[in-house]
Amino acid sequence: MIEKMKFVSLTGPREDIDRMVMRYLSRYDIHLENALTELSEVRGLTPYVQTNPYKGLLAKANEYAALTEKSAAKADPVTLPLDEAIDVVQVLGEELTNLTDKRKELLLKDEELSGLVEKLTPFKDVGYDLQTILNFRYIASRFGRIPRDFIDEYRDYILRNTNTVTVDCSQDDEYLYGIYFAPRSEVYKVDAVFASLHFERFYLPKEYQGSPDEIYREIAEKKAENDRQIAELDEQMKKTLSRHAPALLAAREKLELLSANFDVRKMAACTKNNSTSDTFYIVCGWMAEEDVRKLREDTKDDKRVTLIEQETNEVDARTPTKLRNPKIFKPYEMYVKMYGLPNYREIDPTILVAVTYSFIFGIMYGDVGQGLCLTIFGFLLYKFKHIDLAGIIALAGISSTFFGFMFGSIFGFEDVIEAVWLRPREAMVTLPGVGSINTVLVCAIVFGMFLVLASMILHIINYRRDRNVEETFFSTNSVAGLIFYAVVVFLIIMTFSGHAVPAAGIFIALIVLSVLVMFFKEPLTKIAEKKKGPKIEGGIGMFIVQGFFEMFEVMLSFFSNTLSFVRIGAFAVSHAAMMSVVLMLAGAESGGNTNWIIVVLGNLFVMGIEGLIVGIQVLRLEFYEMFSRYYKGDGKEFVPSLTKRRT
């Protein structure tokens, strides 16, 4: 169902807007519209321009709140004064800023020490004083690494060049780490050769004394001490956040409320009273009728707030759609929104979709055991995860369980319980002129016919609300199309049930008349709407040719749409057939020992694969065979503009 809406405007002194929003408007759901646009006929309107003072504080509060424990308790934001909320964020900010600044310094130092440790690790086994090596007077040294792919070229160069001495220190999967020595007078040439071999030089610290191993231990100790200080700061920050968490979370919610409500100014307008030079705000938007009644009651004694109500037909703006359905049907709103939200003047198809989808799914997937599994699985998933699709599965599972009893099937076994109605694979019916045919297929087509008729009735209601004459009376799915299809359905049912058709001439006349009305829908519409100008455009010949092909398409559409419902019965039969194959593979039909592992795996396979296919096929019937006949789905969603205040 669609909530009844009203367009409301609130006005009062400019400086009173915050009080009005906090005291009244934030207690209700309202879809705000831009007052400058919607009230364009009102002269002298100007934008309400003012900078939001809460955004900066809110950004900081969100940043700090992200660091707190998710399970942290929260104070009541309603009773928390604004000054206290601001103080909480500012005080916490000062404390955390000092701690984070120290932490950044320590992290930079940690990064530097880690780099030194990484560079020294490959050279720990060099048992000579690093300062001595680095300060040779006539010999230059280079610490570094070379990729393993260039080791052969590196060895070849060393053998051919007597001016260079190398020391291999360690290696891993990618690099060989080592030192090379060369005369200082020749070192630049040697550096160039090693650079061509992709030698990567390491610059070891000159400020440390001792061997690389001694320096490594010294730096490692400094790093451990640095890490300990970082851990202490982290613990201190954690305690600080924990101490302030309740007030912080309440302050954030308070600032969120104030910031969102302050942004009402973006949609508001200002106007001046010429006689008093006072400035007033104007806020307008859509509210549910019940909320408007309560708001009117709240503001009736407030002299500083004026509430003006307008009906939907008095406003040019599109009325937003707010769905309100019983909880049991609410998951099916997901399917409706997938196609498109109904516009305000349309019928909300959610309940119809819920009933027909569950019913059709049950017929196509009738099994007591599998239906109960779907129901339990869907219900638990919906209860704990709040997934709409899970709710749909649960309701569809109930229908599957019901039709499982009707078909006498439980986990594919058809000899455990008696069928209340029939066995889909075995039940046959004889039709005059057709012969023997599966009963479920016949019932599926008849059921489909009535769904098509129901869709056409909804089409007429929807377009009657829009005052569209052609779509109400003369088009394919209008009154004319309904009469044509209803008479044809009646004649088919009477003929195949073996009954004589009473007053057949009258029914034939109705068919001919409805076809003629659909054929001449354009001129008839112009006559009904009293439009001037030619009733037939493009000439008689072109009109007849075009009308002929359109009517051919209409007849073909009726025929194909009706036959499309055969899939309901076909899947009911195929489900029973698939489970028969599973039981045959398990040996359950041969009278021998049953392989229960195959029975379980087969049921799981059928539940997964066929459940998915059936779900998609039923959705296809809903969208293409029903929605396409009566549903536009071009609605504008009702979106509450304010953070609703707890009361």
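**Confidence of the model**

Which helix of the protein has the lowest confidence, and which the highest? Confidence is lowest in helix α6 (residues 151–160), with a mean of 82, and highest in helix α11 (residues 350–364), at 96, where pLDDT is the predictor's confidence in each residue on a scale from 0 to 100 and helices (H or I, at least four residues) and strands (E, at least two) are DSSP runs numbered from the N terminus. Over the protein the mean pLDDT is 88, and 97% of the residues reach 70 or more.

This is a predicted model, in which local features need pLDDT of at least 70 and side-chain atom pairs count only at pLDDT 80 or more, while totals for chains, interfaces and linings use all residues. Residues are numbered from 1 along each chain as its sequence is written, and side-chain values use heavy atoms, with hydrogens and water left out.

**Cavities**

The structure holds 3 cavities of 30 Å³ or more; a cavity is a set of points, on a 1 Å grid over the protein atoms alone, where a 1.4 Å probe fits but cannot get out, and its lining residues have an atom within 4 Å of a point. Grid points are joined across faces, edges and corners, and a volume is the space filled by probe spheres set on the points.

The largest cavity, of about 80 Å³, is lined by M518, F519, K521, E522, F543, Q546, G547, E550 and M551. The lining divides into 4 nonpolar, 2 polar and 3 charged residues, with Ala, Val, Leu, Ile, Met, Phe, Trp, Tyr, Cys and Pro counted as nonpolar, Asp, Glu, Lys and Arg as charged, and the others, Gly among them, as polar.

The second largest cavity holds about 60 Å³ of space, and its lining includes R145, Y154, D168, Y177 and F199. Strands β4 (139–147) and β6 (175–183) each supply at least two lining residues, with the largest share, 5 residues, from β6; by class, this lining has 8 nonpolar, 2 polar and 2 charged residues.

**Salt bridges**

A search of the whole structure finds 29 salt bridges, each defined as a side-chain nitrogen of Lys or Arg within 4 Å of a carboxyl oxygen of Asp or Glu. In one of them, the side chains of E309 and K6 meet at 3.1 Å, N to O. This pair links distant parts of the chain, with E309 in strand β10 (residues 306–310) and K6 in strand β1 (residues 5–13), 303 residues apart.

Methods. On a 1 Å grid over the protein atoms alone, a cavity is a set of points where a 1.4 Å probe fits but cannot get out, and a pocket is an open set with protein on both sides within 12 Å along at least five of seven lines; lining residues have an atom within 4 Å of a point.
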